Amino acid sequence: MAFTIRQLQFFVAVAEQGTVSGAAQNLSISQSSVTEAIKELESDLGVELFERHPRGLNITHKGHQFLRHATKILADVSDARRSFSSGQAAVGGRLQLGVTSLVAGYVLSDLLARYRRAYPGVEVSAIEDNGDYLEHLLVGGKLDIAVMVTSNLRDRTALQSEILEVSAYRLWIPLSHRLASADIISIGDIASEPLIMLTVDEIEENTGKLLSAIGARPHVAFRTRSVEAVRSLVATGAGVALLPDLVYRPWSLEGDRIESRDISGSLPVVQVGTVWRRGSGLPQAARDFIGLAQSQRMVRR
């Protein structure tokens, strides 16, 4: 029997929530329905998508590979439905787009691929830069829209934004770390740990605030602008990292496992969204991009 759209929706929900109960609550259905759908999907594919453990589920390497296919299928289905309900798509025009480093490979890539498929006649030009400079370009009319971290948006008077994704900070540790088996982890538990610090967007600032709140000074072992470098360094035991769940992947490029753990207490979140100049007459291409981004948010939810 071929897998169904419903099974894919359940699988993506479990992968994102990390537990069957969390996925069931998010989907407003019973846990047994989610469990049965995942079992049927694994049987159909002939692979194990999740590793079961007392705290929930860990997605396997095969499961992680299938997750990208599943999210693309769901997005394509959404696009197919949308094409019959949104009228005639724009056949031409130009879109000037900005993006920050953190979200370029984790939010924009799929969104931009969907946009190009839906509006192949639109000429898209995109630049990557820091949030302050993108805000400057938006206010000056040099960009139509930006996809960026909005939780630290500076000029909220001149700019309008819409949230696409909210991502909480979590702890990244190697599989052999002493905290891997801990039931509860607090900020104090990692105060003395060497940190691998990602220095894009607001990550370093937020991490410093977290540790200074308990009177600890961050012990930074390595600073980098590369998420892949963080993954490799954490996986090989060079340190731990505090990063938004948005950029978490369970394996480094070398194939080493990285564990992700919740931290008790009040942690900041990263909000990613679309941003444009308030009151500006957006071109049709930009309005179409915002509409497609909204539909992608609904697919993820």
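Reply:
**The helix crossing and the rings around it**

The axes of α1 and helix α3 (residues 31–45) cross at roughly 105° and come within 9 Å of each other. Here axes are lines fitted to C-alpha atoms, for helices over the stretch in contact, and angles run from 0 to 180 degrees between N-to-C directions. Helices (H or I, at least four residues) and strands (E, at least two) are DSSP runs, numbered from the N terminus.

This is a predicted model: local features need pLDDT of at least 70, side-chain atom pairs count only at pLDDT 80 or more, and totals for chains, interfaces and linings use all residues. Residues are numbered from 1 along each chain as its sequence is written, and side-chain values use heavy atoms, with hydrogens and water left out.

On the α1 side, Gln7, Phe10, Phe11 and Val14 meet Ser33, Val34, Ala37, Ile38, Glu40 and Leu41 of α3, where contact means heavy atoms within 4.5 Å. By class, the contact of α1 with α3 has 7 nonpolar, 2 polar and 1 charged residues. Nonpolar covers Ala, Val, Leu, Ile, Met, Phe, Trp, Tyr, Cys and Pro; charged covers Asp, Glu, Lys and Arg; the others, Gly among them, are polar.

Phe11 leads on to the rings. The structure holds 6 aromatic pairs. Rings of Phe, Tyr and Trp (its six-membered ring) pair if their centres lie within 6.5 Å; planes under 30 degrees apart count as stacked, over 60 as edge-to-face and the rest as tilted. The centres of the Phe11 and Phe50 rings are 5.6 Å apart and their planes are at 55°, so this pair is tilted. Phe11 in helix α1 (residues 5–17) and Phe50 in strand β1 (residues 50–53) are 39 residues apart, and their pair links distant parts of the chain.

Another pair is formed by Tyr115 and Phe289: with centres 5.4 Å apart and planes at 65°, it is edge-to-face. Tyr115 lies in helix α5 (residues 101–118) and Phe289 in helix α9 (residues 284–300), so the pair ties together parts 174 residues apart in sequence. Tyr115 and Phe289 are both buried.

Methods:
Buried < 20%, exposed > 50% of the residue type's maximum accessible area, 1.4 Å probe, protein only.
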